[in-house]
Amino acid sequence: MVDPVDAGVAIRAVRQLNPARVRILVTHGHPDHIAGNDEVVAALGCEVLAPAVAARWPTRHDVGLRDGDRIELGGEPLEIRYAPGHTDDHLIAIADSFVASGDLWFVGGCGHTRAGGHLPSLFDSFRRMSALPGHLRILPGHHYASQNLAFCADLFPEDEALAARLTAARSWRREDGPWLPTLDEERAFNPFHRFADPRVEARLKTRYADLLDPTLRDPEERTFSALRRARDLFVATAP
Ligand SMILES: [Fe+2]
């Protein structure tokens, strides 16, 4: 399991599935990802795999993970990649068909940098991961689709496909099951993946010109950074 913050849900699910081996993968040390670990470990006696640099976080771990490590979780071979920015210890886990993205990627958005984060590192992580294949489905750490897509639709109000996606996000209910888009879908709708798209830069110039930092020489980083700052300022007008 990955970041089982709701220990009761995680323990019930494991007892139903009754797997031969249970392990916890920690994407980063924020409390809303690790708070369930102690209870899950006490109930199931499982191993905790966490970023090797997480020693300073208030979480126990049995195995410290480093960039490039290969592990197996739930029968899936996973490649561990460090993706700092949201926090400096953040990792993602890449399988053949999905990416457990923690708080790096969300549907329509990305993790913030307000709690131990670093914006240049976040951009670097986005750029390094931009070569990953588009068929991979993202399993984000939180479901913030409606808030994020409201920001996207506010930035590109003429985009009808984006408006339809926002409507779908607003009518989504937990019982519908997880919303797990592919990276290709995210690259079409999520402006944080489109830092090299001149249409995003152009729109920022008309909507958020004051957020485009002229000291950033790299236009892609300038675009990404302005997007993240604009998202921090954005307050959705609907739920
Ligand atoms: Fe987080």
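Residues are numbered from 1 along each chain as its sequence is written. In this predicted model, local features need pLDDT of at least 70 and side-chain atom pairs count only at pLDDT 80 or more, while totals for chains, interfaces and linings use all residues.

**View 1. An open sheet of three strands in the order β1-β2-β3.** The pairing in this sheet is parallel. Strands (E, at least two residues) and helices (H or I, at least four) are DSSP runs numbered from the N terminus, and two strands pair if DSSP finds at least two bridges between them. β1 (23-25) and β3 (63-65) are the edge strands, each pairing on one side only. Neighbouring strands are turned by 20° against each other on average, direction ignored. β1 is joined to β2 (residues 47-51) by three bridges. Leu 25 has Leu 49 of β2 as its bridge partner.

**View 2. Helix α5 (residues 145-155) against helix α6 (residues 160-171).** Their axes come within 9 Å and cross at roughly 160°; axes are lines fitted to C-alpha atoms, for helices over the stretch in contact, and angles run from 0 to 180 degrees between N-to-C directions. The crossing is left-handed, that is, the near helix is turned anticlockwise from the far one by less than a right angle. Among the contact residues are Leu 149 and Ala 153 of α5 and Leu 162 and Leu 166 of α6; residues are in contact if their C-beta atoms, placed from the backbone, lie within 7 Å. By class, the contact has nine nonpolar, one polar and two charged residues (Ala, Val, Leu, Ile, Met, Phe, Trp, Tyr, Cys and Pro count as nonpolar, Asp, Glu, Lys and Arg as charged, the others, Gly among them, as polar).

**View 3. Helix α8 (residues 198-207) crossing helix α9 (residues 219-233).** The axes come within 10 Å and cross at roughly 55°, which makes α8 oblique to α9. This crossing is left-handed. Val 200, Glu 201 and Leu 204 of α8 meet Pro 219, Thr 223, Ala 226 and Leu 227 of α9. Five of these residues are nonpolar, one is polar and one is charged.

**View 4. Arg 222 in helix α9.** Arg 222 is buried, with 20 other C-beta atoms within 10 Å (20 or more count as buried, 12 or fewer as exposed, and in between as partly exposed). Not counting residues up to four places away in sequence, Arg 222 touches Leu 212, Asp 213 and Leu 216.

How values were computed:
Parallel < 35°, antiparallel > 145°, perpendicular 65-115°, else oblique. Contact = placed C-beta atoms within 7 Å.
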